Amino acid sequence: MANKSKFQAIRGTRDLLPPETALWNRVEETAHEVFGTFGFGEIRPPIFEPTELFARAVGGDSDIVSKEMYSFEDRDESSISLRPEATASVCRAYIEHGMAQLPQPVKLYYMGPMFRRERPQKGRYRQFYQIGAEVLGGSDAPGIDAEVIEMVMTFFDRVGLSDVELDINSIGHNAPDCRPAYVQKLKAALEQVKDKLGADSQRRIESNPLRVLDSKLEHEQAIIATLPRIADHLCAECTAHCAAVKRQLELRGVFFKENWRLVRGLDYYMRTTFEITAKGLGSQNAVCGGGRYDGLVELLGGPPTKGIGFAIGEDRLILSLQEIGKGAAPQGRDVYVAWMGERAYATAVRAAKDLRNAGFSVELPPTELKFGKALERADKLGSRYALILGDNEVAEGSWTLKTLADGTQQKLTETELLEFLRGRKNLSS
Ligand code: HAM
């Protein structure tokens, strides 16, 4: 017997359906608009890349690369991975297309699916969507950091998510008198309190001590509060850069909170790091993460290049908007064409075509329905008007338009109908 078991979307993936997809489109449209006003152009990199690209860029020891990538051997036996993020791809593309020859900096944005094999929960999926932007080349002027942050805050505001918190930090850079010296101090301090920490943090003392600061474990919080802070150990240049970024943010009227524990989970960051959180999302409340990554392009085989960027978690942004009542309403129709009779049908087809060409959404039932039944359907679909076309109406050239909200009817010629609807559209938009 044939196996008739039903298929389901794979765990951690989901179908995005109407009406929610209208909200996704609105969000993406807003990103195109806002990023365009800041001079960014769109890049669409592939969804899979050599595994080695992510290993080198994001870091072989990071959770993302060591545990969460979907990797497979291609037929030529090279290892390929579904992208867990897109910064590495954008840097690869910058090198591959010789973009260092273009006027600097090059400002690019992207949107699309990313893949990480995490434990699924609210706001955390295995296929999720990011909207991100990267500024590559040119200088590391603090004004660039501030403008990138200003852009993402402008986007959140425009899309209707104004109640967000921006946290910023500087994690210094990889020079002996800066982050490495701090990490040594941190490690020494962690060794002192090792037996009070959980297993994960204990392991991280060796593998990545900075990540201990990320811990959400309740009983570790008081201990972490006593650890040395990076701001007190940055080199003079990083201290000055960080102060200037803060001044530049103030200049732009961008509110922020300094958070010395913000270290981020990808290896490529240096100096400025930031995260944006939204209310009502529970533990997965980061809707955007980003930071500076000077040196990443060089690490991937390109020329020494400055870089900074961010990625917004679109799934979480949508959840947030829905939670504050800014979700999408089911899409109604402007006009439902209720027709009866052969001659009326020919006219109905033409009317539907003309109305759609004029930009109205029109539902045309494919088979004849009694007027009562047709009006019921029109109502269920949330139609604003029903255009009633029987053989009489067609013969007289005088059509009946019913306003479904109040049941009023009016007789109109074809030209009057279009004029009337155009007028109403302007009123309602
Ligand atoms: P990230 O912090 O790994 O950074 O991801 C950015 C955002 O993507 C997160 O704040 C979150 O909103 C969303 N996100 C991450 N994982 C998931 C998931 N499993 N389910 C749903 N949403 C998720 C990056 O990816 C960097 N490439 C950002 C960047 C760009 N830095 C510089 N340029």
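The shell around the ligand is made up of twelve nonpolar, eight polar and seven charged residues; here Ala, Val, Leu, Ile, Met, Phe, Trp, Tyr, Cys and Pro count as nonpolar, Asp, Glu, Lys and Arg as charged, and the others, Gly among them, as polar. The model is predicted, so local features need pLDDT of at least 70 and side-chain atom pairs count only at pLDDT 80 or more, while totals for chains, interfaces and linings use all residues. Residues are numbered from 1 along each chain as its sequence is written, and side-chain values use heavy atoms, with hydrogens and water left out.

In total, 27 residues surround the ligand, and the closest are Glu-85, Glu-118, Glu-134, Tyr-269 and Ala-286; a residue is near a molecule if one of its heavy atoms lies within 4 Å of it. Polar contacts, meaning pairs of N or O atoms within 3.5 Å, can be followed one by one. The side chain of Tyr-269 places an N or O atom 2.6 Å from a nitrogen atom of the ligand. For the side chain of Thr-87, the distance from an N or O atom to a ligand nitrogen is 2.9 Å. Tyr-125 takes part through its backbone, with an N or O atom 2.9 Å from a nitrogen atom of the ligand. The protein buries 95% of the 660 Å² that the ligand exposes when taken alone (accessible areas come from the Shrake-Rupley method with a 1.4 Å probe). Strands are DSSP runs of E with at least two residues, and helices are runs of H or I with at least four, both numbered from the N terminus. Elements giving two or more residues to the shell are β6 (127–136), β10 (286–292) and β11 (307–313), and β10 has the largest share, with six residues.

Now to the rings themselves. The structure holds nine aromatic pairs, in which rings of Phe, Tyr or Trp (its six-membered ring) have centres within 6.5 Å; planes under 30 degrees apart count as stacked, over 60 as edge-to-face and the rest as tilted. Phe-35 and Tyr-109 are an edge-to-face pair, because their planes stand at 80°, with centres 5.3 Å apart. This pair links helix α1 (residues 20–37) with strand β5 (residues 106–115), across 74 residues.

Terms used. Polar contact = N/O pair within 3.5 Å; in protein donor to acceptor, adjacent residues only side chain to side chain.
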